[in-house]
Amino acid sequence: MIYKKLSNGVEIPMIGFGTFKIPNDQTAKAVKNAINAGYRHIDTAAIYRNEIGVGKGIKESHVAREEIFLTTKCWNDDQGYQKALDAFEQSCQRLQTNYIDLFLIHWPKPLNSETWKAFEELYQQGRIRAIGVSNFHQHHFEDLMKTAKIKPMINQVEYTPRLTQKPLKTFLETQGVAMESWSPLMRGKIADIELLQTLSKKYGKTVVQIVIRWNIDTGVIVIPKSVTSERIKENFDIFDFSLSLDDIEAINQLNKNARTGSDPDNFDF
Ligand SMILES: NC(=O)c1ccc[n+]([C@@H]2O[C@H](COP(=O)([O-])OP(=O)(O)OC[C@H]3O[C@@H](n4cnc5c(N)ncnc54)[C@H](OP(=O)(O)O)[C@@H]3O)[C@@H](O)[C@H]2O)c1
């Protein structure tokens, strides 16, 4: 496993298992498959409506809870001090745990500084090992910092060869905030990119493995999702190679500032 040390010293596995769009009744099986394949980091969210399945999958895997890095997120309707505290407890209940490794504000709008106050308190009480945000542009981050006492440790954003987020990535690096990428496989569309097919032949790895490795080799935590057990294994089989600096740069050049998902400034609430 490759870990990244967060600003507070907590270590997060650089590859995790994404669970967006996995129906709750299929989630326990998928999570167990992932843990059996070696994943020790699971990403969910209250809005995915599969936290119960995630909790069940972790329990049934018989791997100790402390060995799993578990992320969940506070949904937009739960922004605000008391609502965020309540949402946290509800997520813990569904996940069958009394602590969360990483709790994220899912989207910056409506940005509510009281939400972050609740996060800071839960962090200081030891209920959350690391606190962070998701889908924050630099200006959202700067707004939050006007009232924050504790700087977010992670920003989870879309990051793909077509959306390399260079200015945001550089900003986060200067702030000591780790970047984590969602929809790293462009929800499956990554396979069409010609350069990645060439690199796939060169390294003897699949296009998806090349892209997962590009995330890790550029310092970005990555959380690919799959319900297919062969793909779950394939996506984790990325520890026996790394990309050359030239190939990393060639992938960086594929950037078109093109999003697969929503732009946080135009997200429809
Ligand atoms: N913070 C946020 O706002 C946010 C937003 C979106 C996502 N996320 C997180 O990021 C995770 C990943 O993003 P995502 O689920 O949107 O998309 P993704 O991981 O980019 O792509 C998932 C898709 O790729 C397919 N796939 C997976 N491995 C493959 C392989 N080896 N070969 C070919 N196809 C493969 C999957 O199919 P099968 O499942 O059918 O195998 C699925 O259709 C989410 O699950 C979620 O945890 C967070």
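**The ligand and the sheet**

Modeller: Begin with a polar contact (a pair of N or O atoms within 3.5 Å): a polar side-chain atom of Ser226 lies 2.6 Å from an oxygen atom of the ligand. This is a predicted model, in which local features need pLDDT of at least 70 and side-chain atom pairs pLDDT 80 or more, while totals for chains, interfaces and linings use all residues. Residues are numbered from 1 along each chain, and side-chain values use heavy atoms, without hydrogens or water.

Biologist: Which atoms of the ligand face the side chains of Asn135 and Tyr48?

Modeller: An oxygen atom of the ligand is 2.9 Å from an N or O atom in the side chain of Asn135. For Tyr48, the ligand atom is a nitrogen, 3.3 Å from a side-chain N or O atom.

Biologist: How much of the ligand does the protein bury?

Modeller: Alone, the ligand exposes 900 Å² (Shrake-Rupley, 1.4 Å probe), and the protein buries 87% of that.

Biologist: Which residues come nearest to the ligand?

Modeller: Among the 28 residues around the ligand (a heavy atom within 4 Å), the nearest are Asp43, Ser183, Leu185, Ser226 and Thr228.

Biologist: In what order do the strands of the open sheet stand?

Modeller: Strands are DSSP runs of at least two residues, and two pair through at least two bridges. Here eight strands, with parallel pairing, follow the order E3-E4-E5-E6-E7-E8-E9-E10. Strands E3 (17-18) and E10 (221-222) each have a single partner strand, so one side of each lacks a neighbour in the sheet.

Biologist: How many bridges join E9 to E10?

Modeller: Two bridges join E9 (residues 178-182) to E10, and these strands run parallel. Glu180 has Ile221 in E10 as its bridge partner.

Definitions and conventions:
Polar contact = N/O pair within 3.5 Å; in protein donor to acceptor, adjacent residues only side chain to side chain. Helix = DSSP H or I, 4+ residues; strand = E, 2+ residues; numbered from the N terminus.
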